[in-house]
Amino acid sequence: MVVTSLKLQDLIEEIRGAKTQAQEREVIQKECAHIRASFRDGDPVHRHRQLAKLLYVHMLGYPAHFGQMECLKLIASSRFTDKRVGYLGAMLLLDERHDAHLLITNSIKNDLSQGIQPVQGLALCTLSTIGSAEMCRDLAPEVEKLLLQPSPYVRKKAILTAVHMIRKVPELSSVFLPPCAKLVHERHHGILLGTITLITELCERSPAALRHFRKVVPQLVQILRTLVTTGYSTEHSISGVSDPFLQVQILRLLRILGRNHEESSETMNDLLAQVATNTDSSRNAGNAVLFETVLTIMDIRSAAGLRVLAVNILGRFLLNSDRNIRYVALTSLLRLVQSDHSAVQRHRPTVVECLQETDASLSRRALELSLALVNSSNVRAMIQELQAFLESCPPDLRADCASGILLAAERFAPTKRWHIDTILHVLTTAGTHVRDDAVANLTQLIGGAQELHAYSVRRLYNVLAEDISQQPLVQVAAWCIGEYGDLLLAGNCEEIEPLQVDEEEVLALLEKVLQSHMSLPATRGYALTALMKLSTRLCGDNNRIRQVVSIYGSCLDVELQQRAVEYDTLFRKYDHMRAAILEKMPLVERDGPQADEEAKESKEAAQLSEAAPVPTEPQASQLLDLLDLLDGASGDVQHPPPLDPAPGGALVHLLDLPCAPPPPAPIPDLKVFEREGVQLNLSFSRPPENSALLLITVTATNFSEGDVTHFICQAAVPKSLQLQLQAPSGNTVPARGGLPITQLFRILNPNKAPLRLKLRLTYNHFHQSVQEIFEVNNLPVESWQ
């Protein structure tokens, strides 16, 4: 018995009525068998119905490739019903990866020349959807002719097809330049909107087109002024805003034409001020126009007053109830904070309020902007606000907030005491989230502030007595107690409340740190060393310290065991040298944002060093004996001759000479990625005023035949470094060596740590989504040394 094929409506009802996926597959497999049989029989009457059912099956995700050739047959048919389904099938089942799509080039060319508007519309839609570079080159003359056809329906579709052709083949821009100059005078909304889009694509991909269309800036300004003042078409008004889609597109084109061009920027300045002041911001359509206006003002060479007006618009956005608008405002202000810092500073209270947003993305953007707004004049108030936010911020923001506060304090600290208090507050609040170099930076800071030694050790002792869970804070406190334990016991600090501390309490606290299950091996090492140093700072008996040190001589941790064995040997064999070996640590030079500020102090110290006594031979002998601490007798060691002080003194005088430093050597560029014509290159530079800051310019180029769209480059560095990503110059890399995308990375590396980058690239290329994650470990040594 022959089972008749189902109609499209009956097939849809039967598929939707299937209760299981197995039943659905059974229905589809049975119907696909009927469709194949119909195609083999060559039924010309019902071929379009069979293909329509196959397209529905394809939309459900089932294979339908066997219908590709039937699409070509239907397109070649003279019946409109066949062409309609054939072109629809071609758009769904064919793309550039299938050679079959080239077979419809002649059919599209014939249909474009027929003069039947519905057929021309179908052909243009198909060409703009699946048209490859070869098809675009072959059919560009036909599309150019249709751009000036009397029918608005055909012209609108021809313009959109031309946009696709320019994206595929940028060298076709010369073909569409003359028609665009005439289409700008159109009054039809769809044609004018498509024309502005086409001109935008031409200007982005062709420098010649950019120069050509700068001549029509006055005309574009007049069109936009008409939209703002009198309205263009009431049927296209949205929420009282006249044709916002057309306004936004014109503003984008003006932004491209006015970039780095003084004359064009001057022509549009008055208009931009008019749009910014007359557009209603109570509706979302008006906000969209205002945002594009702000972007245009910031990209062109606008007047200073106009830029302030743009920043004020973004400030009003921060007060909007819509979270998306507030996020856009924060992101835009973050881009402008470098160029218009004073204007953005006026909205600092509103930005700080945004820190309390419940939305994580909003609070993160507000945090980044707040940190960028910190300067020497507002550092106290801003750090206080950021510290309050640190206490209640989500866990995923604590690391960024803590690192930002530490960097801002290091850069803009008004006094050393304030700097120390700020770091202690961060370590107390979020000690487990700070960067790895926080402990070293704080110990260097305390060691360099001799007048604050007593204050720092008492503050740290009080904090440590309350909480030993924050490991970085415990490490700093243990180091400070070991170095300046005598000042802690003296109790002569007048800057804080007097507190009587005896030796037993200090030793008990350090033993508590050693025995705590929360203490890391590194923390125990700090505590053990602190106990050892206290053996020379305290006046009492050292038996308790010796007992603790001997206990850890059998510790399972190798590092801690070795340290305890060495200390125990120092007690037993070299007790006469213990006081000299365990003296206070010398001041270590710092490489950071405050290095220039401390240059004067370093110079004074150098001058004082001329009068310092030269180490004698017995002291040098003792140091050599220390190196052989565990090797038994050291009587055969050859001692070096005493140092001659004359070269040192000459060096000090030499440093005082006003000589200019040599210019830094250029850092070579590096290519880090290449795939299918897409390349990523890194170029390096370092500002002379800050040797710890590295500027990396990332340049993405495209030498393939297809455009790269939605390009995003993200980066990560080790925790000891600070990375700031600037906004890229765009997200589209035109084919065949078009204008590249550039993005700036700012990396702060105060400790000169080896630099490693982890990059993630995401983009669309040849209608495929590409994601690449890779590490760059071969960066030039000059980039971090």
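This is a predicted model: local features need pLDDT of at least 70, side-chain atom pairs count only at pLDDT 80 or more; totals for chains, interfaces and linings use all residues.
Modeller: A residue is called buried when its relative accessible area is under 20%, exposed when over 50%, and partly exposed in between, using a 1.4 Å probe and protein chains only. Residues are numbered from 1 along each chain as its sequence is written, and side-chain values use heavy atoms, with hydrogens and water left out.

Biologist: What share of the 785 residues is buried?

Modeller: In this protein, buried residues make up 48% of the 785.

Biologist: How many helices and strands does the protein have?

Modeller: Helices (H or I, at least four residues) and strands (E, at least two) are DSSP runs numbered from the N terminus, and this protein has 35 helices and eight strands. Helix α5, for instance, covers residues 80–93 and includes Leu-92.

Biologist: Why does Leu-92 count as partly exposed?

Modeller: Leu-92 counts as partly exposed because its relative accessibility is 36%.

Biologist: In what order do the strands of the open sheet run?

Modeller: Strands of a sheet pair through backbone hydrogen bonds, either parallel or antiparallel. Here the open sheet has five strands in the order β1-β2-β3-β6-β5, with antiparallel pairing (two strands pair if DSSP finds at least two bridges between them). Its edge strands, each pairing on one side only, are β1 (670–675) and β5 (722–725).

Biologist: How many bridges join β5 and β6?

Modeller: Four bridges link β5 with β6 (residues 741–748) in the antiparallel sense, and Leu-725 has Phe-745 of β6 as its bridge partner.
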